[in-house]
Amino acid sequence: SEPSSARESDETCATWRVDFSRRQATSFKSLLEEGRQEFGKSVIRNVTHLNCSSNSAGSDSAESCFPNHASFDRLEELTLARNQISRVDATLGTARFAVLRRLDLSDNQIRSVHGVHALECLEELVLARNRIKSASDLAGLARLRVLDLSENCIAAFTNARGLAFNASMEHLRLRGNPIAVATRYRAQMTHLLPFLHTLDDTPLPPSALSRARERAESRAKAAANAIPRVASRRRLELLSQARPQPPPHKASADAAKS
């Protein structure tokens, strides 16, 4: 039978897939070294889909799983699920992962995802079944459409507010978090994320989505209108400061007449 590390090539789409799952490896570095020996350096360098799930790789951070010299110029999908990773640092978003679109880090021991924001091309992020307490480090992912945070430790709406800065997000999973059993959970999340299409795989009612969008647009208009008013007040202050003042002797004479 074909080994689990066998590669699949689709010449028409120039797609290279490498599967290193279920190898009982304790280090991704050793897996990549095996891949270089088995397929050659060029294949590993040009891989587009890399699956390293279901191993025993224990590392403090996701990026330290890979050798410093490793470069993945064309990697679009990376699966590191079911390992023992505890955090994600900023170096994961360096040039070697510059075109990564999908990242699966489910079933690990992750508490910190500080470095995920550096993955500028990321469209789908799976972080289910980890130990994450706050989504604040997941703000500002401009292209993110799908986020799975199910079965983590997010307990308060304040810890989910950072998600509001992901304007492209359409699908969110939070089931299994303490927040998901809070009063008015769906209404609160709809208000926070007005352009969300589904929450926990359930479509949001068109009426709720429409009202949320109207509120968001109203807030945006109010903010836009406040800027000219502030500018106008500031201009009046500057004009009054720039208005010529009467000479001191003239001011004294006017005071004597009165």
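Visitor: Helices are DSSP runs of H or I with at least four residues, strands are E runs of at least two, and both are numbered from the N terminus. With that settled, where does G162 lie?

Guide: G162 is in the loop between β9 and β10 (171-173). This is a predicted model, where local features need pLDDT of at least 70, side-chain atom pairs count only at pLDDT 80 or more, and totals for chains, interfaces and linings use all residues. Residues are numbered from 1 along each chain as its sequence is written, and side-chain values use heavy atoms, with hydrogens and water left out.

Visitor: Is G162 buried or exposed?

Guide: Buried, at a relative accessible area of 12% (buried is under 20%, exposed over 50%, partly exposed in between, with a 1.4 Å probe and protein chains only).

Visitor: What does G162 touch?

Guide: Leaving out residues up to four places away in sequence, G162 touches A135, S136 and A139 (contact means heavy atoms within 4.5 Å). Its C-alpha is 8.6 Å from that of S134, which is 28 residues away along the chain.

Visitor: Switching topic: how many aromatic pairs are there?

Guide: One. The ring centres of F72 and F97 are 5.5 Å apart and their planes are at 15°, so the pair is stacked (Phe, Tyr and Trp rings, the six-membered one for Trp, pair with centres within 6.5 Å; planes under 30 degrees apart are stacked, over 60 edge-to-face, the rest tilted).

Visitor: Which loops hold F72 and F97?

Guide: F72 sits between β4 (58-59) and β5 (77-79), and F97 between β6 (84-85) and β7 (102-104), so the pair ties together parts 25 residues apart in sequence. F72 counts as buried at 1% relative accessibility, and F97 does too at 2%.

Visitor: OK, and N130, where is that?

Guide: In the loop between β8 (124-126) and β9 (146-148). N130 is buried, at 6% relative accessibility. Its side chain reaches the backbone oxygen of L105 at 3.0 Å. Beyond residues up to four places away in sequence, N130 touches several others, including S106, D107, E151 and N152.

Visitor: Which residues of α1 are buried?

Guide: In α1 (residues 28-39), they are F28, L31, L32, G35, R36 and F39. Down the axis of α1 they fall within an arc of 140° (taken from the directions from the helix axis to the C-beta atoms), so they line one face of the helix.

Visitor: Last one: what's the mean pLDDT?

Guide: The mean is 79, and 67% of residues reach 70 or more (pLDDT is the predictor's confidence in each residue, from 0 to 100). Over residues 1-13 the pLDDT is below 50, and that stretch has 27 contacts in the model beyond near neighbours in sequence.

Technical notes: Polar contact = N/O pair within 3.5 Å; in protein donor to acceptor, adjacent residues only side chain to side chain. Expected span 1.5 Å × (residues − 1).
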